[in-house]
Amino acid sequence: MHESLALLFQTHTSLREKPRDKMNALLECQNTKEAVCALSPIEFYDLYHGVGANDALELLNYCSAEQIQTCFDLDIWRDDHIDDYVLTSWVEQLLTIEEDDQFKEIWNNIDPEVMALYLHRNVHIYMAENKDDEVEIPEGESPNVAQTPDFTFWIAYPEDNTRAEILHKLVDRLYAVLGIDKAWSYMETMHWELEAELEEACYHFRTERIREYGFMPRDEAYAIY
């Protein structure tokens with residue numbers, strides 16, 4: 001049997017097994033990334049949640065950006081708003097990805113508006129008008145303030161230390177994998193975007209995709225009934 005056909009046969013045969021057995025079969029394949037990416041986005045979503053996020057993290061080292069985007073589309077939305085609690089959990093999971101190249105591939109190929117909105121909502125960015133000026137942090141701001149790796153921005157992270165740690169790790173990882181210039185550009189753009197416009201764009205893109213999955217947006221379903 002041709003190698004690619006054999007791989008697909010092996011993958012789809014394993015889908016009849018219990019979720020944990022399916023995952024183990026994929027991880028034991030000779031080309032694990034090809035095997036995991038051969039799953040449709042919905043199959044990956046079902047498998048990941050069937051195993052449970054805590055035990056399925058290894059799959060993130062091999063999955064595609066499209067599979068992650070589907071997980072976002074189906075998990076993080078509550079009506080037409082993004083649930084920050086759920087997205088924070090997903091960010092924490094993505095930060096466990098071992099290889100920077102895999103993290104970068106996923107980051108560069110999911111909706112940038114989703115993560116821009118997440119950062120926009122959860123951190124406050126401050127910078128001086130001139131490089132040598134002192135940055136003024138308003139009174140009452142979160143005490144969890146730190147500079148970005150390029151020393152350009154001061155970021156006020158949430159007062160909740162757990163959330164602050166996740167967001168701090170995310171910013172540091174972005175600088176590490178994207179490089180200083182691209183990370184700076186991303187932070188600068190995110191800082192000036194309007195929250196309502198970001199979320200509206202996110203919802204539009206998500207609505208078009210879930211139609212392709214065979215799901216009907218909630219507002220259209222309500223209209224029918």
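At what angle do helix 6 and helix 12 pack, and how far apart are their axes? The model is predicted: local features require pLDDT of at least 70, side-chain atom pairs count only at pLDDT 80 or more, and totals for chains, interfaces and linings use all residues. Residues are numbered from 1 along each chain as its sequence is written, and side-chain values use heavy atoms, without hydrogens or water.

Helix 6 (residues 65–75) packs on helix 12 (residues 195–213) at about 100°, with the axes 10 Å apart. Helix 6 is therefore roughly perpendicular to helix 12 (65 to 115 degrees). Axes are lines fitted to C-alpha atoms over the stretch in contact, and angles run from 0 to 180 degrees between N-to-C directions. Helices are DSSP runs of H or I with at least four residues; strands are E runs of at least two; both are numbered from the N terminus.

Helix 6 contributes Q69, T70, D73 and L74 to the contact; helix 12 contributes R206, R209, I210 and Y213 (heavy atoms within 4.5 Å). Buried residues of helix 12 include R206, R209 and I210, along with L198 and C202 (under 20% relative accessible area, 1.4 Å probe, protein chains only). G214 follows helix 12 and has a positive phi, near 95°.

Three strands form an open antiparallel sheet in the order 3-5-4. Strand 3 (124–126) and strand 4 (145–147) are the edges, each pairing on one side only. Pairing requires at least two DSSP bridges between two strands. The twist averages 25° from one strand to the next. Strand 4 is joined to strand 5 (residues 154–156) by 3 bridges. Q147 has W154 of strand 5 as its bridge partner.

Note on methods
Angles under 35 degrees count as roughly parallel, over 145 as roughly antiparallel, 65 to 115 as roughly perpendicular and the rest as oblique. Buried means under 20% relative accessible area, exposed over 50%, partly exposed in between (1.4 Å probe, protein chains only).
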